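The model comes first, then the notes.

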Amino acid sequence: MIIKKDYLNLDNNYLEQEKEGLNKAIENFDKRFKNKEVEREKFLKGLDEFAKKQVDINKRIDKFNNR
């Protein structure tokens, strides 16, 4: 009996979708800053949080790809 391991592709697809969603959130946050809807200090703190999340997602993707 042959068992296919399709679940591995699903996990990677989930991580890529999460990364794309984070990039869209950063893009929207940047637009809000350019339209002066967000203060500078809050913008910088938000970018710091987004950077931490991006590093975490990239580590998870690398860990997944190195299995």
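## Contacts and model basis

A contact means heavy atoms within 4.5 Å. In the protein chain, 69% of the contacts with a separation of 6 or more link residues 24 or more positions apart.

This is a predicted model: local features need pLDDT of at least 70, side-chain atom pairs count only at pLDDT 80 or more, and totals for chains, interfaces and linings use all residues. Residues are numbered from 1 along each chain as its sequence is written, and side-chain values use heavy atoms, with hydrogens and water left out.

## Fold and surface

The protein chain has two helices and zero strands. These are DSSP runs, numbered from the N terminus (helices: H or I, at least four residues; strands: E, at least two).

Of the 67 residues, 16% are buried. Buried means under 20% relative accessible area, exposed over 50%, and partly exposed in between (1.4 Å probe, protein chains only). The accessible surface is about 6,000 Å², with 50% from carbon and sulfur atoms. Areas come from the Shrake-Rupley method with a 1.4 Å probe; for residues, only the protein chains shown count as cover.

## Salt bridges

The count is six salt bridges. The rule: a side-chain nitrogen of Lys or Arg within 4 Å of a carboxyl oxygen of Asp or Glu.

In helix α1 (residues 7-34), lysine 34 and aspartate 30 sit four residues apart, about one turn. Their salt bridge spans 3.3 Å, N to O. Lysine 34 is exposed at 61%; aspartate 30 is partly exposed at 27%.

In helix α2 (residues 40-65), aspartate 48 lies four residues from lysine 52. They form a salt bridge at 3.8 Å. Glutamate 49 also forms a salt bridge with lysine 52, at 3.8 Å. A network of salt bridges links Glu18, Asp56 and Arg60.
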